[in-house]
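Dear colleague,

I am passing on the structure below, together with some notes on what turned up in it. Please read the notes with the coordinates open beside you.

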Amino acid sequence: MEFAETFLNLVIIYFIVTSIFNLFALAQAKKRAQQSQANAIALKPRVEEYIEFVTDNICGCTLPKSKAYILAKDNEKHYFCSWDCREKFIAR
């Protein structure tokens with residue numbers, strides 16, 4: 001009986017010690033992951049995006065060039081916010 005109690009106490013102590021060790025290891029791993037993530041963010045190059053805007057010749061609306069309807073006329077490009085504005089320009 002005394003052997004069983006001693007063995008059970010040793011098993012309990014073993015699990016307590018390994019749990020404490022695992023908690024410390026987990027905390028260290030979490031800290032390293034945060035440092036690694038911070039380093040990755042710091043090393044990532046920052047790219048500024050440049051968006052060119054144009055003005056509709058009919059209604060005066062300003063919009064990104066990539067969204068505009070374009071008409072090339074007399075070696076000049078004209079930009080429009082909608083197909084209707086483009087048609088009004090052509091009709092003039």
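**Around the tryptophan**

Arginine 86 lies over the face of tryptophan 83, at 4.2 Å from the ring centre (a charge sits over a ring if NZ of Lys or CZ of Arg is within 6 Å of the ring centre and within 35 degrees of the ring normal). This is a predicted model, in which local features need pLDDT of at least 70 and side-chain atom pairs count only at pLDDT 80 or more, while totals for chains, interfaces and linings use all residues. Residues are numbered from 1 along each chain as its sequence is written, and side-chain values use heavy atoms, with hydrogens and water left out.

The structure holds three aromatic pairs (rings of Phe, Tyr and Trp, the last by its six-membered ring, pair if their centres lie within 6.5 Å; planes under 30 degrees apart count as stacked, over 60 as edge-to-face and the rest as tilted). One of them joins tyrosine 69 and tryptophan 83, whose ring centres are 5.7 Å apart with planes at 75 degrees, so the pair is edge-to-face. Because tyrosine 69 lies in strand β3 and tryptophan 83 in helix α2 (residues 83-91), this pair ties together parts that are 14 residues apart in sequence (helices, H or I of at least four residues, and strands, E of at least two, are DSSP runs numbered from the N terminus).

Phenylalanine 80 and phenylalanine 89 form a tilted pair, 5.2 Å centre to centre with 50 degrees between the planes. Phenylalanine 80 is buried, at a relative accessible area of 0% (buried means under 20%, exposed over 50%, partly exposed in between, with a 1.4 Å probe and protein chains only), and phenylalanine 89 is buried at 9%.

Best regards
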